[in-house]
Amino acid sequence: MHKDPMALLPEILLLLGAVATLLAGSFLPRRRQWAARAGAAAALAASLAAAVYSAPGDDRTVYAGTYALDGATDAVRVIVPAAALTVLALASERVHGDRRETEFCVLVLLGSLGAVLLAGASDLLLLAVAYLLASIPLYALAGWGRDARGAEAALKLYLLGVLLGITMLLGTAVLYGLGGATDYAALADGLSGAPRAALAVGTVALLAGPLFKAGAVPAHFWVPDAASGATVPAAAFLTTVPKIGALVALYRVLTVLPEQVLEWRVLLAVLAVATMTLGNLAAFAQTDPLRLLGYSTISQAGYLLMAVAVAGRAEALRSLLLYLAAYAVTNPGAFAVAAALPESRTLEAYRGLGRSRPLLAAALTVCLLGLVGTPPTAVFMGKLTVFSATWDGGMAWLAVVAAVNTVASLFYYLRWIAPALSIRRPGPAPRETGPSGGDGERQAETAATAEPERWAAGTAVTAASATLVLGAGAGWVLGVLSDTLVR
């Protein structure tokens with residue numbers, strides 16, 4: 001058995017950071033909980049630095065072949081802490097002084113650790129454990145705000161997560177019975193002679209877990225409720241970080257399955273089409289920007305699944321990793337704008353933002369057009385490489401369907417951008433219904449009149465700048481990324 005604790009230094013730093021943050025927050029007074037948050041940020045930064053330092057090492061598996069250290073794991077080790085740091089930055093003013101500030105930071109650290117372990121798991125049992133670690137903190141994170149909407153989001157997330165987690169364990173048991181092993185190297189050999197029907201049942205059941213974490217059809221129902229019901233920082237984390245680990249985990253486990261026995265590529269292609277199409281169609285009628293972003297993240301999962309459908313083909317892994325990096329920058333940037341203006345809960349409330357807050361409006365425009373895939377943003381380069389890999393992988397029809405969906409998605413993103421950049425001055429702020437049901441209890445603020453939260457606004461501008469920089473340097477990033485996958 002290959003034991004090498006230092007090979008897992010980035011993961012260990014995330015775990016130690018979670019423990020240290022929890023202990024520090026237990027003894028710090030409420031007004032000084034920011035110190036625990038600073039410690040959590042330091043742990044994420046240290047994990048990211050350790051990942052960058054260890055990335056040039058040899059590709060191998062550790063701990064009896066249960067955990068893979070290769071190009072995919074190296075990339076996720078960098079992307080996940082970077083995305084989590086962005087979430088902590090946009091959450092600064094929302095969680096500051098809250099009695100559960102430390103809890104938020106600990107949950108972010110543990111959720112990040114679970115996502116990294118999902119991506120690196122090279123054994124079905126470790127995959128199941130990583131799924132639990134990546135899920136349980138998210139249930140608490142969805143309900144962190146302790147309000148009715150958050151409780152509903154947490155309950156839906158929990159019930160669906162438990163159901164699909166059990167389904168995933170059923171698939172694990174079936175594949176173990178067919179292949180006689182749980183580690184991917186031995187499983188790949190053992191499944192080559194498995195009965196087709198039993199292999200299909202085990203595979204579909206196993207995929208339920210990662211598809212749930214990715215927010216893909218048919219396990220997508222929790223996404224819009226979590227995006228609009230949880231606090232904005234929690235929603236940004238829920239719709240970004242778990243997707244990273246889940247999609248790499250999907251890619252890794254599917255390369256184990258024998259294509260000559262099971263046509264899993266067709267299944268993934270159909271799921272990709274259903275996911276991107278449903279996400280786009282459902283977003284058309286949304287007036288709540290957070291719910292719109294929720295359906296947007298579903299459609300993004302569909303585009304990302306295209307690379308999984310051609311897993312093992314040339315450039316498929318590198319294109320997936322580039323797209324994930326671009327998404328991890330751009331999606332939290334859009335949520336950061338919503339976090340900066342928490343009282344603006346309709347698209348129309350953003351009217352006039354460009355006149356009063358031009359930098360914030362520019363950040364919103366860049367991030368939303370980036371999610372469409374507009375050059376020169378990072379998501380454009382991610383989509384371009386994924387579409388190219390899909391076309392070269394023999395699924396030209398899938399690339400065409402995705403291109404049509406991309407054009408269609410422009411409609412609902414423009415429904416948010418148009419009022420924000422409108423030169424017409426905003427009208428009188430609408431009156432909101434008070435808690436007792438009487439009309440006119442208080443005057444609602446619009447984005448043009450509200451004072452934005454500084455940390456969230458700064459995070460939005462930084463993320464928008466980063467997506468442009470990453471888009472410009474996408475060629476260099478592709479050259480750095482490795483297409484190696486070991487088991």
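This is a predicted model: local features need pLDDT of at least 70, side-chain atom pairs count only at pLDDT 80 or more; totals for chains, interfaces and linings use all residues.
Residues are numbered from 1 along each chain as its sequence is written, and side-chain values use heavy atoms, without hydrogens and water. Local features need pLDDT of at least 70 and side-chain atom pairs pLDDT 80 or more, whereas totals for chains, interfaces and linings use all residues.

Helices are DSSP runs (H or I, at least four residues), numbered from the N terminus. Helix α13 (residues 264-283) and helix α19 (residues 396-420) have axes that come within 9 Å and cross at roughly 15°. Axes are lines fitted to C-alpha atoms over the stretch in contact, with angles from 0 to 180 degrees between N-to-C directions. α13 and α19 are therefore roughly parallel (angles under 35 degrees). The crossing is left-handed (the near helix turned anticlockwise from the far one by less than a right angle). In α13, the contact residues (heavy atoms within 4.5 Å) are A269, A272, V273, M276, T277, N280 and A283. They meet W397, L398, V401, A402, N405, S409, Y412 and R415 in α19.

Aromatic rings of Phe, Tyr and Trp (its six-membered ring) pair if their centres lie within 6.5 Å. The count comes to eight aromatic pairs. The ring centres of F104 and W144 are 5.4 Å apart with planes at 65°, so this pair is edge-to-face (planes over 60 degrees apart). F104 lies in helix α5 (residues 101-120), and W144 lies 40 residues away in the loop between α6 (124-142) and α7.

Helix α7 (residues 148-179) has 32 residues and should span 46 Å at 1.5 Å a residue (1.5 Å times one less than the number of residues). Its end C-alpha atoms are 46 Å apart, which agrees. G180 follows α7 and has a positive phi, near 75°.

Terms used. Helices (H or I, at least four residues) and strands (E, at least two) are DSSP runs, numbered from the N terminus. Angles under 35 degrees count as roughly parallel, over 145 as roughly antiparallel, 65 to 115 as roughly perpendicular and the rest as oblique. Rings of Phe, Tyr and Trp (its six-membered ring) pair if their centres lie within 6.5 Å; planes under 30 degrees apart count as stacked, over 60 as edge-to-face and the rest as tilted.
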